[in-house]
Amino acid sequence: MNRMKPDLASTMIFDARHLKCPISVLAAKKFLSRVAAGAAVEVISDDRASLAGFQALCRDRHHHLIGFKDRGDAFTLTILRRDTV
């Protein structure tokens, strides 16, 4: 498997605040399907219930969860899109 280094300087942002699970996860899935393989996407969400959904999305679609930050009122997940389509 070809492992690509993430270009975190050009990380795209997907703002899922104010979307409740499962809508936030489905919208992130659609967004990820439209970005290039190996791209880093920062997902911002304020729905704590969606955290497990985002983790399952990464596991099921073979994306790499490379970062998590709790910002208090929201959290940020950095997802590296799988390197093969």
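Student: Is Phe 31 buried, partly exposed or exposed?
Tutor: This is a predicted model, and the answer comes from a computed relative accessible area, which for Phe 31 is 25%. Buried means under 20% and exposed means over 50%, so with its 25% Phe 31 is partly exposed.

Student: How is the pair formed by the rings of Phe 14 and Phe 31 classed?
Tutor: The structure holds three aromatic pairs, and in one of them the rings of Phe 14 and Phe 31 have their centres 5.1 Å apart. This pair links distant parts of the chain, since Phe 14 belongs to strand E1 and Phe 31 to helix H1, 17 residues along. Phe 14 itself counts as buried, at 13% relative accessibility. The planes of the two rings make 40 degrees, so the pair is tilted.

Student: In what order do the elements of the chain run from the N terminus on?
Tutor: The chain has two helices and four strands. Read from the N terminus, these elements follow the order β-α-β-α-β-β.

Student: Which strands stand at the edges of the sheet?
Tutor: The four strands make an open sheet with mixed pairing, in the order E1-E2-E4-E3. Each of the edge strands has a single partner strand, so one side of each is left without a neighbour in the sheet, and these strands are E1 (12-15) and E3 (64-70).

Student: Do E1 and E2 pair in the parallel or the antiparallel sense?
Tutor: Strands of a sheet pair through backbone hydrogen bonds, and the pairing may be either parallel or antiparallel. Here E1 is joined to strand E2, residues 40-45, over four bridges, and Ile 13 stands opposite Glu 42 in E2. The sense of the pairing between E1 and E2 is parallel.

Student: Which residue in E4 is the bridge partner of Gly 67?
Tutor: Strands E3 and E4 run antiparallel and are joined by six bridges. Their hairpin has four residues between the strands, and in it Gly 72 takes a positive phi near 90 degrees. Within E4, the bridge partner of Gly 67 is Thr 78.

Student: At about what angle does helix H2 run to E4?
Tutor: Helix H2, which spans residues 51-61, lies across E2, E3 and E4. The angle at which H2 runs to E4 is about 5 degrees.

Student: How far apart are the axes of H1 and H2?
Tutor: The two helices meet through side by side lists of residues, with Ser 24, Val 25, Ala 28, Lys 29 and Leu 32 in H1 meeting Gly 53, Phe 54, Leu 57 and Arg 61 in H2. The crossing of H1 and H2 is right-handed. H1 and H2 pack at an angle of about 35 degrees, and the distance between their axes is 9 Å.

Student: Which residues is Lys 29 in contact with, leaving aside its neighbours within four places in sequence?
Tutor: Lys 29 has its place in helix H1 and is partly exposed, with a relative accessible area of 39%. Leaving aside the neighbours within four places, the contacts of Lys 29 are Leu 57 and Arg 61.

Student: Where is the residue Pro 22 found?
Tutor: The peptide bond that leads from Cys 21 to Pro 22 is cis, with omega near 10 degrees. Pro 22 is found in the loop between E1 and H1.

Student: Is His 18 buried or exposed?
Tutor: His 18 also has its place in the loop between E1 and H1, and its phi is near 75 degrees, a positive value in a residue other than glycine. With a relative accessible area of 68%, His 18 is exposed.

Technical notes:
Residues numbered from 1 in each chain as written. Predicted model: local features only at pLDDT ≥ 70, side-chain atom pairs only at ≥ 80, totals over all residues. Heavy atoms only, no water. Pairing = 2+ DSSP bridges. Contact = heavy atoms within 4.5 Å. Axes fitted to C-alpha atoms, helices over the stretch in contact; angles between N-to-C directions. Phe/Tyr/Trp six-rings, centres within 6.5 Å; stacked < 30°, edge-to-face > 60°. Buried < 20%, exposed > 50% of the residue type's maximum accessible area, 1.4 Å probe, protein only. Left-handed = near helix turned anticlockwise from the far one by under 90°.
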